[in-house]
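These are my notes from going through the model, entry by entry.

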There are 2 protein chains.
Amino acid sequence: MKNHSAVILLLSKSLELEGQKPLYRQICDVLREAILSRRLRAGTNLPSTRSLARELSVSRNTVMSAFDQLIAEGYLKGAQGNGTFVADELPDEILRFRFKKVLDNRQAHAKAKLSKRGSEITQIPFRVERDSDNTRAFSIGFADITEFPLEVWKRLLARNIRNMSRSMLGYDGVLGYPPLRAAIAAYLKTSKGIECETSQIIIISGSQQGLDLAARILLEEGDEVVIEDPNLTGKHGGAFATKTKISPIPIDENGLNVSEISRLATNPRAALITPASQFPTGITMSLSRRFELLEWAEANNAWIIEDDYSSEFHYGSRPISPVQAMDLGGRVIYIGTFSKTMFPALRLGYLVVPPNFVDAFRRAIAFTSRQPSFLEQITLSDFISEGFFGRHIRKIRAIYSERRSCLIELIERNLVDFVEIKKSEAGMHLVGELRNELCGRKLVESAAQKGLFLSAISEYCINAKIPDALLFGFTSIIKNEMAPGVAALREILECSN
Amino acid sequence: MKNHSAVILLLSKSLELEGQKPLYRQICDVLREAILSRRLRAGTNLPSTRSLARELSVSRNTVMSAFDQLIAEGYLKGAQGNGTFVADELPDEILRFRFKKVLDNRQAHAKAKLSKRGSEITQIPFRVERDSDNTRAFSIGFADITEFPLEVWKRLLARNIRNMSRSMLGYDGVLGYPPLRAAIAAYLKTSKGIECETSQIIIISGSQQGLDLAARILLEEGDEVVIEDPNLTGKHGGAFATKTKISPIPIDENGLNVSEISRLATNPRAALITPASQFPTGITMSLSRRFELLEWAEANNAWIIEDDYSSEFHYGSRPISPVQAMDLGGRVIYIGTFSKTMFPALRLGYLVVPPNFVDAFRRAIAFTSRQPSFLEQITLSDFISEGFFGRHIRKIRAIYSERRSCLIELIERNLVDFVEIKKSEAGMHLVGELRNELCGRKLVESAAQKGLFLSAISEYCINAKIPDALLFGFTSIIKNEMAPGVAALREILECSN
C-alpha cells in the first residue's frame, strides 16, 4: 500500500489539470519516466484505475487509457483480477526492445524522408573507386602507390611521433599547419609560377572539399556554374551538393570555348576548369584562352575555380603556368591535391585563395570540418621541405612518361585499325579516338565482361558532340599488364567490327 | 626579315575575319601567346603596323590598337622610329609583374565579392580557441590534454606505422575504417545503451561536420530548425552555413520545452539538441521530455539532431540513455566527438544514422570531403578495442569529478554572497547563478582585464530570459589555478557590488 500512495503522490504532484497536454498523456509520461528512472521498480503493484481516478479527480477512462498505452508499450503488465504491475524488464531491456522493433519498423522509417537536396545527392552518379582495380588495365586517374617512398614516409612519421608533444593536441590551426602552408607556397612558386603569400594557402582534405567550400562561399544556391563538356561526372558532386546550376560549355583543341559561354549560359557566376589537362580529353588550355577566361571573369564579376589535379604530370615542353598565376583581379580559387602526387589516403590538398577571402574560408572551415589531422600535415611539410616531394614527383613523372610511351607504342602497333591516339602532353591517361564510328560505351561493356577496365569519352559528355574515344590510363597500370590488356582489347575490337 | 614573315604567317593563319571576336583582340591574343610561349623571343622586331595591316587585309587602326594594348600590358615595346619589339622581360617576369600589380590592385579585388551566403558566414560570431588559454581559470569545454596517455598513443601510432602497407594508401573507406566503426558500435552499446549496426556508424572529422552533413542531407535551404535557448553560438555555424532558419526554444529544468515548439516555431523540420548536458545550462533533458520530443518528431515528420559532446562526463547517478537509443522511427541523427574524450587535434568524430540514410551520407561525404586520415582512425580503433579508451574515460571522469567538487567547495566558501551553484550532474563546467542582479557580461569584461577567463550565460541567450549566471570550467583548469582564480573573481565581484 506504500507503493500506492507513492504513485498517487507522484501523479498528483505532476499533473496539470489545465495543461495543454491531454491528461492521459501526462499520466503516461510521468509513469514511464518513473519506471525508466527506477523510482517505480519492476513488479510494483499500481493502484486500481478506479481509486487512482478518484484520488486524482480525473475520469476513470483517462486512467484506463494511460494504463492501456503503457501496457501496449511494455512498461506495465495487466494481470486479470490482480491489478496492474510494472513490467519485469529493466529499462535497458525495454529500450533494447524498442530498438528491436525499429529494425523491423519499415513503416515508420519509410515515413522519414531525405530532403529534396538530400535525395538529389543520391541521384548523382557515384563511382566507388575500389583500390584493387587500380592496377588493372586501363584504370584511370590513380597514382601508382607502389612507387611511393613508403619507407621514407614511415621514417618521417615515426620521427614526428617521437617529437609529438601535448602542445600539438589542441584546436589551433584551422587553416592548416603553418610550416606546411609555407612549404606549399614555396613549391608553387618554383614549380608552377604561382606567387602567393603563405597566408593565402589553406589546407583542405582534398579537391572535393575545395570545390565544396568555394561553391558555398562564393555562390548562392541556384547560381549558374560553367563547366567543361565532357567532364568528370563525379566532380559534379561538389557543385550539386551546394545546389548550383550546371551549364556545360564545349571544349575545342584550345580548351574551354570561352566565346560560347555567352551563347550557352544565362548568367554564370563561376567557371570550373581543369586547364592543365582537361578531364577527360587531356587538352591543355591555351594561353590566350586562359587570358580570355580571366577577362570574361572580370567583365562578368564571375569566379574561376581552377582544379589543378595533374599539372605535375607533363611529358613534353614546360607547362603553361596555372590561370591563378595570371590572375590580376583576385578571381581565381586554385585547388591542388596530394591524392595524385602522394597517395589518396593521405586526404590532404590545398587552396590558393585571394587574400581578402581567406577569413571567409577560415570561418566556413571552422563551421563545417576544421583542419585535417596534424600528424600527416607535419609529416608532409617535412616531406616537401626536405626535398622528398620534388624527388618523388620527378621520379614518377619519368616512370609515367615511360609507361605512356610504351602504351602509345603498343596501341599504335596493335590497335591502329581501330583507334588513333590523340597526343596530349600532360595528364594521367591517353585518349584514343575510335575509328569507323565504333561505339565507346558498347566497347566498355564488352571489356568489362572480359575483366578489362575501360572508359569512353562519351560516358563523360553532357551535351558535347565529339568523336567517341577510349581512355587508356597508364599511371597505376603495371607495365606487364599493358601488353595483355592491349591484346585483350584487340580481340574485343575485332569482334565489334 | 625572317621574323617579319613568321609573324605575318602566324597571324594570317590564326585570324578569323568573320569571327565573333574583334580583330584587334584576335591579334592581341595570338601575339601574346606567341610571346609567352617564346615562339616570339625577347627583342624580336615586329613588322610595321602598315605592312602588317596590308598583309592581313585589315585596317591599320586595328593593328595599331592591338600593338597599343600589348605595349600597355608590357608584352611589346615601341621605340620611336625603330618600330616595335617584343619586350625584354621573360614570360615569368611578365607574370610576376602582373602579380605584383595584383597586390596593389585593391580596386579589382574590391569588385570581387563574396556571395550572400558567403558573407553571412563572415557575420557568424566566431571565437578562435587559443590552446594556450585552455588551462586558465575558468576556461570551458576543453579536455585536459595533460592527462591524455600520450605515450600509449604514440606507441600505438608507431606500431601502426611499422605495419603500414601500401594497401592502406588508396581511396577505400569513405564511411571510415571498418574496425573503428565496429569498435565505436561496441562502445556505444556497452556505454550508452545505443544498439546499432556497425554499418550505421560513419566516421567524420568532428561534430561540426556532422551538423553540416545532417543539415545538407535532411533539410532544404531555408528550413526551420529548433535550437535550445541559450545555445553555444559557435555551433550555429553548421546550420548557418547551410542556410537554415533558427528558431530558439526556451529550456526549463527538464531541458528543451517541447510544448513551446508549436507556439514559437512555424514549421520546424528538425531540432538540434544537447540532451546529456545542455550547453551552457548543464541541464540534463528528462526522460519524458525525450519521449515527448521523439513523439513530436514523428508527428511532424521532423528530425532530431542529437549533439552528444559530453555524455561521458557525468558525476552522479547513471546517465539517461541518449535519445537515439529510444528512437523508434529512424528520426535521430546522433553526433559523437572524440575532441572532448581524446584531444581536439585528433579531428575524429562519428555519426549514428538510420540505416536507410547511410547511402546518402556516404555520397555527401564522397562529394564534400571523404574520410579522415586512416592512420589516426586505425590507431583510435586500437586505442578503443585494447581498452585504453575506457580506462582513459574512467580516469578523466574521476579527475574532473574531483576538480568539480574542489571548485564547488571553493566557490561556496568564497563566493556565496555573489553566486549560487546550480548543481547539474554532468558536463564540463559549473553554472553559478548571480545574486543581487549582478550583470554577467560586465563581470566577464572586468575579469578579462584581470586576465581571468570568464563567460556568462547571458552571452549565449538568444531570446531566453533566464537569471544570469557565470560559467566555471573545471576540466582543463590546473587545480592550482582554481583558488587564485576564485580569489581574483571575489575581488572583481566585491568591486561590482
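**Entry 1, strands.** I began with strand β10 (residues 332-337) of chain B, which is joined by four bridges to strand β11 (residues 349-352) of chain B, the two running antiparallel. Within this pair I found B:Ile335 standing opposite B:Leu351 of β11(B). I keep in mind throughout that the model is predicted. As a reminder to myself, strands of a sheet pair through backbone hydrogen bonds, in either a parallel or an antiparallel way.

I next looked up helix α7 (residues 116-123) of chain A and helix α10 (residues 207-218) of chain B, whose axes come within 5 Å and cross at roughly 90°. Since angles of 65 to 115 degrees count as roughly perpendicular, I recorded α7(A) as roughly perpendicular to α10(B). On the α7(A) side the contact is made by A:Arg117, A:Gly118 and A:Ile121, and on the α10(B) side by B:Ala215, B:Arg216 and B:Ile217. Sorted by class, this contact of α7(A) with α10(B) has three nonpolar, one polar and two charged residues.

Which residues of α10(B) does α14(A) meet? The residues of α10(B) are B:Gln208, B:Gln209 and B:Asp212, and they meet A:Ala366, A:Phe367 and A:Thr368 in α14(A). By class I noted two nonpolar, three polar and one charged residues in the contact of α14(A) with α10(B).

I searched the whole structure and found 12 cavities of 30 Å³ or more, and the largest cavity has a volume of about 190 Å³. Of the 22 residues that line the largest cavity, those closest to its centre are A:Ser205, A:Gln371, A:Pro372, B:Ser205 and B:Pro372. I divided the lining of the largest cavity by class, and wrote down seven nonpolar, 10 polar and five charged residues.

Conventions:
Residues numbered from 1 in each chain as written. Chains lettered and ligands numbered in written order. Predicted model: local features only at pLDDT ≥ 70, side-chain atom pairs only at ≥ 80, totals over all residues. Heavy atoms only, no water. Axes fitted to C-alpha atoms, helices over the stretch in contact; angles between N-to-C directions. Parallel < 35°, antiparallel > 145°, perpendicular 65-115°, else oblique. Contact = heavy atoms within 4.5 Å. Nonpolar A, V, L, I, M, F, W, Y, C, P; charged D, E, K, R; others polar. Pairing = 2+ DSSP bridges. 1 Å grid on protein atoms, 1.4 Å probe; cavity = no way out; pocket = protein on both sides within 12 Å on 5 of 7 lines; lining within 4 Å. Points joined across faces, edges and corners; volume = space filled by probe spheres on them.
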